[in-house]
Amino acid sequence: MTTPRTARPGTPLTFTSYVRTRGPVLLRTARSLTANPSDAEDLLQTALTKTYVAWDNIEDHRALDGYVRRALVNTRTSQWRKRRVDEYAVDELPEPDPLPEPDPAEQQAIREAMWQAVRKLPERQRAMVVLRYYEDLSEAATAELLGVSVGTVKSAVSRALAKLREDTDLVAVTRPQVLAA
């Protein structure tokens, strides 16, 4: 692409006239290289400063756009390479200590206490709790399987869960601090 001339033919192109005519186009190029418009303006300013320093050494002023674009790309690449990295080598990893694994004996005791508490429920509530939570069926599937309405399943399971929360044997295993208080 050739540089449009603002001066009369035969007069040399000045840096100021070049920036006035090509500034908006070069700013669009800079914006395509950065995500932030302010950074694009800074990038263009830096590239134009480099162009100004080399202005007298540029022989073919018809290739100025290419020169400035190359200065934009090179400057942006240099900025990218110089970016600050917030990672530092350390002797120990700053990761937190892993949580202790639950004791398998405690887990088994909780499962056994839960099953004993479920067995204390009335047969219909027990069937609904087992289908909903042990077999992982939906309320609709549980209702269909037992031949009752979905509302019946919801209310029966709600009452069963309330009974399980109040079961002293289950509370003693899962939350012993509650009984101590």
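A salt bridge here is a side-chain nitrogen of Lys or Arg within 4 Å of a carboxyl oxygen of Asp or Glu. The search of the whole structure finds four of them. The structure is a predicted model, in which local features need pLDDT of at least 70 and side-chain atom pairs count only at pLDDT 80 or more, while totals for chains, interfaces and linings use all residues. Residues are numbered from 1 along each chain as its sequence is written, and side-chain values use heavy atoms, with hydrogens and water left out.

View 1. Helices (H or I, at least four residues) and strands (E, at least two) are DSSP runs, numbered from the N terminus. Along the sequence the pattern is α-α-α-α-α-α-α-α-α. Of the 181 residues, 25% count as buried; buried means under 20% relative accessible area, exposed over 50%, and partly exposed in between (1.4 Å probe, protein chains only). The accessible surface of the chain is about 13,400 Å², and carbon and sulfur atoms hold 53% of that area. These areas come from the Shrake-Rupley method with a 1.4 Å probe, and for residues only the protein chains shown count as cover. A contact means heavy atoms within 4.5 Å. Among contacts with a separation of 6 or more, 50% join residues 24 or more positions apart.

**View 2. The salt bridge of Arg22 with Asp65.** The N to O distance between the two side chains is 2.8 Å. Arg22 belongs to helix α1 (residues 15-33) and Asp65 to helix α3 (residues 64-81), so the pair ties together parts that are 43 residues apart in sequence. Both Arg22 and Asp65 are buried.

**View 3. The salt-bridge network of Lys120, Asp167 and Asp169.** The closest N and O atoms of Lys120 and Asp167 are 3.2 Å apart. Asp167 counts as buried because its relative accessibility is 11%. Lys120 also meets Asp169 in a salt bridge, at 2.9 Å from N to O. This second pair links helix α4 with helix α8, across 49 residues. Asp169 has a relative accessibility of 47% and therefore counts as partly exposed.

**View 4. Packing of helix α5 (residues 123-134) on helix α7 (residues 150-166).** The axes are 9 Å apart and meet at an angle of about 95 degrees. Axes are lines fitted to C-alpha atoms, for helices over the stretch in contact, and angles run from 0 to 180 degrees between N-to-C directions. The two helices are therefore roughly perpendicular, where angles under 35 degrees count as roughly parallel, over 145 as roughly antiparallel, 65 to 115 as roughly perpendicular and the rest as oblique. Residues in the contact include Met128 and Val129 of α5 and Ala156 and Val157 of α7.

**View 5. The buried residues of α5.** They are Gln125, Met128, Val129, Val130, Leu131 and Arg132. Their cover includes α4, α6 (139-146) and α7. Asp136, which follows α5, has a positive phi, near 60 degrees.

View 6. Ala47 counts as buried because its relative accessibility is 0%. Beyond its neighbours within four places in sequence, Ala47 is in contact with Val68, Ala71 and Leu72. Val73 is 26 residues from Ala47 in sequence, and their C-alpha atoms are 8.8 Å apart.
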